[in-house]
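Please look through the sequence and the model shown here.

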Amino acid sequence: MQIATYGYTFFLPAQVTSITGQKLGFAASLVTAIPWLFGLAAVAFIPGIADRTRKHRPIGAALLVLTAVGLVISGAFSKSPVVAIAGLALAAMGFVAMQPIFWTLPTEYMTGYAVAAGIGLVNSIGNLGGFLAPNMRSYFNQTLGGNAGLYSLAVAAVIGAILFALTGLFKKANEIEAGHLDEVDATFVRH
């Protein structure tokens, strides 16, 4: 997930200027803000839906796939500015709304001191994405040309979706977070 996020963040101004034909400046910054506005709208609603329905895993995986689809649309339709910017908006909606959902994961599988260590490990590994994403995008653009770097970020988002979905195979540390409230109530609450 972090590779797609960092790659998107780092390349967005350059991607917008190449799509619109503008130079970096105030007008390009206004267009660059459009995907972030859609991301802001998505983060206001989608994580709440995931919490209410307790469907963190399918919603989170779908958001990462949405990120990949948006990146592919942006690359495939880079000659059509409106469609390409719409693709970037989809990508922003996906990864921005996914982040609060993702951070429910450590507390679902760990308790006590392990949660703090787990969050630290996730942050450490995630920071590697800040190094890897721009380099990966540049490498694929130089090696394969075209929008290959953009598509490599889409592949990273799909891999993140698969990995996030697979976390459901691991045993949860906290059954209440897992959504088994009725079973917990039946065990601990006398009626």
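At roughly what angle do the axes of helix α3 and α7 cross? The axes of α3 (residues 56-76) and α7 come within 8 Å and cross at roughly 170 degrees, the axes being lines fitted to C-alpha atoms over the stretch in contact, with angles from 0 to 180 degrees between N-to-C directions. That makes α3 roughly antiparallel to α7, a term for angles over 145 degrees.

This is a predicted model: local features need pLDDT of at least 70, side-chain atom pairs count only at pLDDT 80 or more, and totals for chains, interfaces and linings use all residues. Residues are numbered from 1 along each chain as its sequence is written, and side-chain values use heavy atoms, with hydrogens and water left out.

The protein chain has eight helices and zero strands; helices (H or I, at least four residues) and strands (E, at least two) are DSSP runs, numbered from the N terminus. Of its 191 residues, 38% count as buried, meaning under 20% relative accessible area with a 1.4 Å probe and protein chains only, while exposed is over 50% and partly exposed lies in between.

Ile19 belongs to helix α1 (residues 2-20). With a relative accessible area of 6%, Ile19 is buried. Its C-alpha atom is separated by 5.5 Å from that of Pro81, 62 residues apart along the chain.

Val155, in helix α7 (residues 148-166), counts as partly exposed because its relative accessibility is 48%.

Notes: Parallel < 35°, antiparallel > 145°, perpendicular 65-115°, else oblique.
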